[in-house]
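The paragraphs below lead through one structure in steps.

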Amino acid sequence: MPQSELAVEARGLVKHFKSRRSVTRAVDGIDLDVPRGAVYSVLGPNGAGKTTAVRMLATLLRPDAGTARVLGHDVVQDADAVRTCVGLTGQYASVDEDLTGLENLVMLARLYGFKGARARRRCLDLLGAFGLEDAGGRQVKTYSGGMRRRIDLAASLVMSPEVLFLDEPTTGLDPRSRNQVWDIVRVLVADGATVLLTTQYLEEADQLADRIAVIDHGKVIAEGTAADLKRSVGRGAVELRVADTARRAEAIGIVGRVLGADATAAADPYGLSARVPEGSEHSVAQLLPALADAGITVPEFSLGQPSLDEVFLTLTGHTPDDAEGAGASRGPTTAGDDRETDDRAEVA
Amino acid sequence: MTASDQTDQADRTARTARADAPAPEGTATPDDHALRDAIALDRRPDRPSAVSSTLTFAWRALLKIKHVPEQLFDVTVTPVIFTLMFTYLFGGALAGSTEAYLQYLLPGILVQTVLFTTVYTGYTMNTDITKGVFDRFRSLPIWRPAPIVGALLGDTVRYTIASVVTIALGLLLGFRPDGGVVGVVLAVLLLLVFAFALSWIFTILGLVLRSPNAVMGVSMMVLMPLTFASNIFVDPTTMPDVLQGFVDVNPVSHLTTAARGLMSGTAGVDDVTWALVAAVVLTAVLAPITMRLYRNRS
């Protein structure tokens with residue numbers, strides 16, 4: 001087996017879908033370098049080309065141009081070698097709903113070459129590890145959304161793939177099921193697997209991924225760690241609340257002086273915030289002592305990096321949920337995003 | 001050992017710290033160690049043979065029949081309705097007596113029943129595609145035609161059930177095949193071979209069309225002329241010339257003549273050969289097209 005430092009290596013990958021009238025440039029020249037043992041996230045809005053890219057890497061689609069290698073095997077020339085070492089979980093549960101959970105796994109185990117008792121034993125272990133031992137004898141169509149996603153993940157792990165492709169693994173899941181999927185991904189990677197996951201949730205990429213490729217309209221528009229991407233838009237911001245609204249103006253003055261930047265009052269009569277300018281990260285630590293010296297009580301203080309929402313907006317000119325990038329809808333969409341993030345924070 | 005345990009412990013602590021919501025009481029959060037043990041693999045098994053993969057898919061088709069026995073409803077009820085309707089509604093008018101007509105009709109109804117059942121092949125395949133199961137199969141390192149050939153093999157069970165129901169009803173109503181058990185069994189075997197070959201039409205439709213219902217609709221449009229414009233129900237000598245021309249080249253006519261011959265013990269080699277050749281040609285032409293569509297599906 002050819003050795004390679006990269007688990008996945010794509011160069012100039014292109015896939016265009018032609019219909020009678022138009023050509024959809026689903027993937028329009030993508031380069032990817034996924035290091036072994038990493039969680040790599042392909043982040044983009046609906047229709048950005050994420051699924052098409054993953055389907056090419058998993059040998060389900062033939063690229064129109066460009067090359068891709070998985071663990072050194074070419075996805076076109078050496079497709080069967082790729083298939084032996086990758087697992088795939090699609091956007092939709094790709095298990096047979098009419099069969100039971102156990103039957104689904106046993107079928108796959110046999111197709112991978114496990115025989116008789118060994119196949120069954122392995123599948124029972126997997127069901128147990130995924131908390132599905134009681135549901136193993138039931139038809140998958142009776143499963144809840146979270147259980148389906150887990151049986152689907154278990155199905156991808158029957159062969160212990162070295163590279164696992166997860167196409168939007170948490171889309172449509174409730175926060176609890178989503179956390180379970182995240183935990184599974186972390187265990188797999190801690191165990192040496194490489195995971196390439198696509199997502200339209202910035203939070204998910206932020207939580208899980210070692211590196212992120214942001215794609216939009218079939219092209220990679222940014223690549224790096226979550227921190228890299230955030231840095232590209234600024235150093236973050238401090239937000240604080242004062243106990244006494246009468247002293248807010250004074251606090252704004254102090255914060256502005258310490259950070260060397262303009263602090264602004266928030267809509268909340270007790271709140272204020274300020275961007276941390278380049279080069280004054282060290283001043284942040286002096287904020288609280290300075291306020292305390294002035295006798296201003298600060299019950300809430302937070303220092304946040306810019307969210308990936310902001311990153312996406314800066315890079316693409318539109319927010320992730322706004323696939324067409326219509327500038328006019330930017331305001332309302334951003335507001336919607338904030339609400340969604342708030343909801344999640346509450347549930348979590 | 002101790003060192004690795006410590007590392008594990010550290011990993012777990014790190015993960016717990018990172019996870020933003022501890023799972024509530026009673027939820028099945030996968031246990032890290034159970035998961036590690038479950039996916040640990042000391043030795044990769046050898047890849048299964050083409051035959052073994054195909055049989056696994058046939059097994060899947062049988063499991064589906066076991067879990068969704070309703071799908072056999074059509075297969076068992078349709079032949080009963082058709083046999084009763086044609087025998088008692090038209091039999092007297094067409095052949096002078098219902099008994100005489102049954103002798104003529106039953107092998108034909110058997111052919112029609114089995115051919116109608118082949119539609120399900122395309123239907124289930126299209127369902128697999130729309131649900132995403134086929135993506136999983138296509139991502140496996142197996143003999144490429146295995147999912148399709150396996151499904152076709154599994155379907156022969158359905159054809160057999162349909163045949164048994166039809167023949168049993170016929171015997172009950174007074175059908176007496178002169179060819180005996182051997183003749184009847186040979187006729188059914190010939191039908192199974194032909195049905196397997198004809199199924200490739202429906203695998204193609206299953207791969208090309210967008211929804212299972214579209215597959216059903218188009219398949220019926222293919223099957224209606226094939227079965228009705230044949231010698232299944234009536235002797236074609238009373239038909240207009242143009243129609244007779246079609247009936248004569250229709251492989252279903254030859255299949256029906258062969259099945260009648262086998263069941264009555266008067267089979268001509270011609271018709272049996274004709275039906276078998278048609279089956280081989282159908283498979284040789286349609287199977288590669290199916291596989292090409294299957295490989296290049298986007």
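Over all chains, a search of the whole structure finds 28 salt bridges. The model in which they were found is a predicted one. Side chains of opposite charge can pair when their charged atoms come close.

Begin with chain A. The side chains of Glu9(A) and Arg11(A) form a salt bridge, with 3.7 Å from N to O. Are these two residues buried, exposed or in between? Arg11(A) has a relative accessibility of 34% and therefore counts as partly exposed. Glu9(A), at 25%, is partly exposed too.

Other salt bridges link one chain to another. In one of them, the side chain of Asp80(A) meets that of Arg47(B), at 2.8 Å from N to O. This pair crosses between chains: Asp80(A) belongs to helix H2 (residues 79-85) of chain A, while Arg47(B) sits in the loop between helix H2 (32-39) and helix H3 (50-67) of chain B. Arg47(B) is partly exposed, because its relative accessibility is 45%, and Asp80(A) is partly exposed at 25%.

A further salt bridge brings together the side chains of Glu97(A) and Lys131(B), 3.4 Å from N to O. Why does this pair join two chains? Glu97(A) is in the loop between strand S6 (86-89) and helix H3 (101-111) of chain A, whereas Lys131(B) is in helix H6 (residues 119-131) of chain B, so the two partners come from two chains. The relative accessibility of Glu97(A) is 21%, and the residue counts as partly exposed; buried would mean under 20%. Lys131(B) is partly exposed as well, with a relative accessible area of 39%.

One network of them links Asp96(A), Asp98(A) and Lys141(A) with Arg60(B), Lys64(B) and Asp128(B).

The next topic is a sheet in chain A. Strands of a sheet pair through backbone hydrogen bonds, either parallel or antiparallel. Here six strands make an open sheet with mixed pairing, and their order is S6-S7-S8-S3-S9-S10 in chain A. Which strands lie at the edges? They are S6 and strand S10 (219-224) of chain A, each of which pairs on one side only. From one strand to the next, the twist averages 15 degrees.

Within this sheet, strand S7 (residues 163-167) and strand S8 (residues 194-199) of chain A run parallel and are joined by five bridges. Val163(A) stands opposite Thr194(A), which is in S8(A). Helix H1 (residues 50-57) of chain A packs on the sheet and touches strand S3 (39-43), S6, S7, S8 and strand S9 (211-216) of chain A. The direction of helix H1 of chain A makes about 150 degrees with that of S8(A). Helix H11 (residues 308-316) of chain A also packs on the sheet, where its contacts are S3, S9 and S10 of chain A. The direction of helix H11 of chain A makes about 45 degrees with that of S9(A).

Now turn to chain B and its annotation. An unreviewed UniProt entry carries the annotation "domain: ABC transmembrane type-2" for residues 70-297 of chain B. In the model, that span is 83% helix and 0% strand, and its end C-alpha atoms lie 30 Å apart. The feature "transmembrane region", also from an unreviewed UniProt entry, is placed at several stretches of chain B, including residues 72-95 and 146-175. Residues 72-95 of chain B are 100% helix and 0% strand, with 32 Å between the end C-alpha atoms. Residues 146-175 of chain B are 93% helix and 0% strand, and there the end C-alpha atoms are 39 Å apart.

One residue of chain B can be looked at on its own. Thr256(B) is part of helix H12 (residues 251-264) of chain B. Its relative accessible area is 0%, so Thr256(B) is buried. The side chain of Thr256(B) reaches the backbone oxygen of Val252(B) at 2.7 Å. Leaving aside residues up to four places away in sequence, Thr256(B) touches Gly108(B), Val111(B), Asn231(B) and Ile232(B).

Some totals for chain A close the account. Chain A has 12 helices and 14 strands. Of its 348 residues, 53% are buried. Among contacts in chain A between residues at least 6 apart in sequence, 67% join residues at least 24 apart.

Terms used
Residues are numbered from 1 along each chain as its sequence is written. Chains are lettered from A and ligands numbered from 1 in the order in which they are written. This is a predicted model: local features need pLDDT of at least 70, side-chain atom pairs count only at pLDDT 80 or more; totals for chains, interfaces and linings use all residues. Side-chain values use heavy atoms; hydrogens and water are left out. A salt bridge is a side-chain nitrogen of Lys or Arg within 4 Å of a carboxyl oxygen of Asp or Glu. Buried means under 20% relative accessible area, exposed over 50%, partly exposed in between (1.4 Å probe, protein chains only). Helices (H or I, at least four residues) and strands (E, at least two) are DSSP runs, numbered from the N terminus. Two strands pair if DSSP finds at least two bridges between them. Axes are lines fitted to C-alpha atoms, for helices over the stretch in contact, and angles run from 0 to 180 degrees between N-to-C directions. Contact means heavy atoms within 4.5 Å. A polar contact is a pair of N or O atoms within 3.5 Å; within protein, one must be able to donate a hydrogen and the other to accept it, and residues adjacent in sequence count only if both atoms are side-chain atoms. UniProt positions are given in the numbering used here, feature names are shortened, and annotations may be inferred rather than shown by experiment.
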